[in-house]
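Open your viewer and switch to the cartoon view. This tour tells you what to select next and what you will find there.

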Amino acid sequence: MNREIFMELLRQREFKAVRSVLNVMNAVDIASLLSELEDKELTITFRLIPKEKAADVFSNMNHSMQTYLIEMLTEKELREILDDLYMDDTVDILEDLPANLVTRILDTVTVQKRSLINQLLNYPEDSAGSIMTTEYVDLRKHTTVAQAMAHIKQVGIHRETIYTCYVLEKRKLIGIVTAKDLMTSEDDMLIENLMETEIISVSTHDDQEEVARLFAKYDLLAIPVVDKDDFMVGIVTVDDAMDVMEDEATEDITKMAAMNPSERTYFETSVFAHAKNRIVWLLVLMISSTLTGAIITRYENAFAAIPLLVSFIPMLMDTGGNCGSQSSTLIIRGIALHEIEFKDIFRVMFKELRISLMVSVVLAAANAVRIMLVYHDVQMALVVGLSLIATVIISKLIGCVLPLLAGKIHLDPAIMAAPLITTIVDTCSVIAYFSIATRVFSL
């Protein structure tokens, strides 16, 4: 459906035609289309969405749209949406709402659902418990396949997934059965003869990033969550794991760019919030950069004797920063994928040392040729060449060590990314450059 045609139908108040369009559209596409509407149009259009699709559309909306609709919808309309929302989606929405709207939602839902919501909200942030849903299909081991299929038909519409079913005994997880196994087995076969007992599960307090990593490792569609007493309390589904991966990747990217992470989208975040997220790191990096300036000032006599020395400072600093960023990016990625651990620090340093020697020799040779062709100065070529070798080695070692040290002291390795490493490397490269220059030129 062409967006312009849809907007024209809405402007002309052809609500019957709008409803027909919404009836055949995918829920995700509807949410995307609604994000382009004004507030008044949003409320009108949302009420035209078929009831069986409204909750799905609502869960795919951004935070500001959800907040606005919760304020505008009637108690009856809100209750209908909340009844159809899966528990994990409801909790995700509540976590970002102001207190008055949270109260309104909790007053709207049933006592049983309110109790479950409060239970999920009490789990630590970024834990498996905070992203799980309590809506899953549970079976008993003495049930037959035919009985299990009948049970799924009865309750499946209210469960987030039916592709994996969980066999419980006194609330404890003893096995899992896939929908494929049920559909391809004889009706009279018992579940205990069909179930898989090699179970991958997580605890309610496990880190959500570790949970997401299990999905990638074992190609799971859902993973069961158990409490400290090994009672099954919920499942984490693959869509929630993908959201976690996206959030963690976004957080790492913002930290690597020397910004405080924000959970809101670019346009949802205010100008003030953007500035606040960036200014702290910029101040820290700016103040730390003054150290480099102080070091350069100490060598004023060298500048006076050989002014040409100044022209190579930007090149050395940029090369050092780039080399450090390359190493830190690869190490941070290795840490995130559990390919590199702190115990590997000396192996990593030795490898980066060999890489830096190869890289630096090539860069030094290229600069020596350029200096000889332009300035015909052997001593300057020697100074810049040796400085490049020292700078590249130092920057690559710093770039690989700092993320590993950050992880060891339980900081996010992404903090030790390009901006911070560049600032440190700038200082080291200037010190190396002038130390070599003063010795070669006897200044």
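How much of residues 355-375 is helix, how much is strand, and how far apart are the end C-alpha atoms? Select the span: it is 95% helix and 0% strand, and the end C-alpha atoms are 30 Å apart. Helices (H or I, at least four residues) and strands (E, at least two) are DSSP runs, numbered from the N terminus.

Some ground rules before the next stop. This is a predicted model: local features need pLDDT of at least 70, side-chain atom pairs count only at pLDDT 80 or more, and totals for chains, interfaces and linings use all residues. Residues are numbered from 1 along each chain as its sequence is written, and side-chain values use heavy atoms, with hydrogens and water left out.

**Stop 1: the annotated helical spans**

UniProt, in an unreviewed entry, lists residues 355-375, 381-405 and 417-436 as "transmembrane region". UniProt positions are given in the numbering used here, feature names are shortened, and annotations may be inferred rather than shown by experiment. Now select residues 381-405. This span is 100% helix and 0% strand, with its end C-alpha atoms 36 Å apart.

Next, click aspartate 377. Aspartate 377 sits in the loop between helix H20 (345-374) and helix H21 (378-408). Leaving aside residues up to four places away in sequence, aspartate 377 touches Ile371 and Met372. Contact means heavy atoms within 4.5 Å.

**Stop 2**

Residues 132-192 are 26% helix and 25% strand, and their end C-alpha atoms lie 26 Å apart. Residues 195-251 are 44% helix and 23% strand, with end C-alpha atoms 39 Å apart.

**Stop 3: a three-stranded sheet**

Show S4, S5 and S6. These three strands form an open sheet in the order S4-S5-S6, with mixed pairing. Two strands pair if DSSP finds at least two bridges between them. At the edges are strand S4 (202-203) and strand S6 (232-237), each pairing on one side only. Helix H14 (residues 208-218) packs on the sheet and touches S4, S5 and S6.

Zoom in on strand S5 (residues 222-226). S5 runs parallel to S4, and two bridges join them. Valine 202 has valine 225 in S5 as its bridge partner. S5 and S6 run antiparallel, joined by five bridges. Look for proline 224: it stands opposite isoleucine 235 in S6. S5 and S6 form a hairpin with five residues between them, and aspartate 230 in the turn has a positive phi of about 70°.

Why is S5 largely enclosed by the rest of the structure? Five of the five residues of S5 are buried, so the strand is largely enclosed. Ala222, Pro224 and Val226 point one way from S5, while Ile223 and Val225 point the other way.

**Stop 4: a helix contact**

Finally, select Glu75, Leu78, Arg79 and Leu82 in H7. These residues meet Arg104, Ile105 and Thr108 in H9.

How values were computed:
Axes fitted to C-alpha atoms, helices over the stretch in contact; angles between N-to-C directions. Buried < 20%, exposed > 50% of the residue type's maximum accessible area, 1.4 Å probe, protein only.
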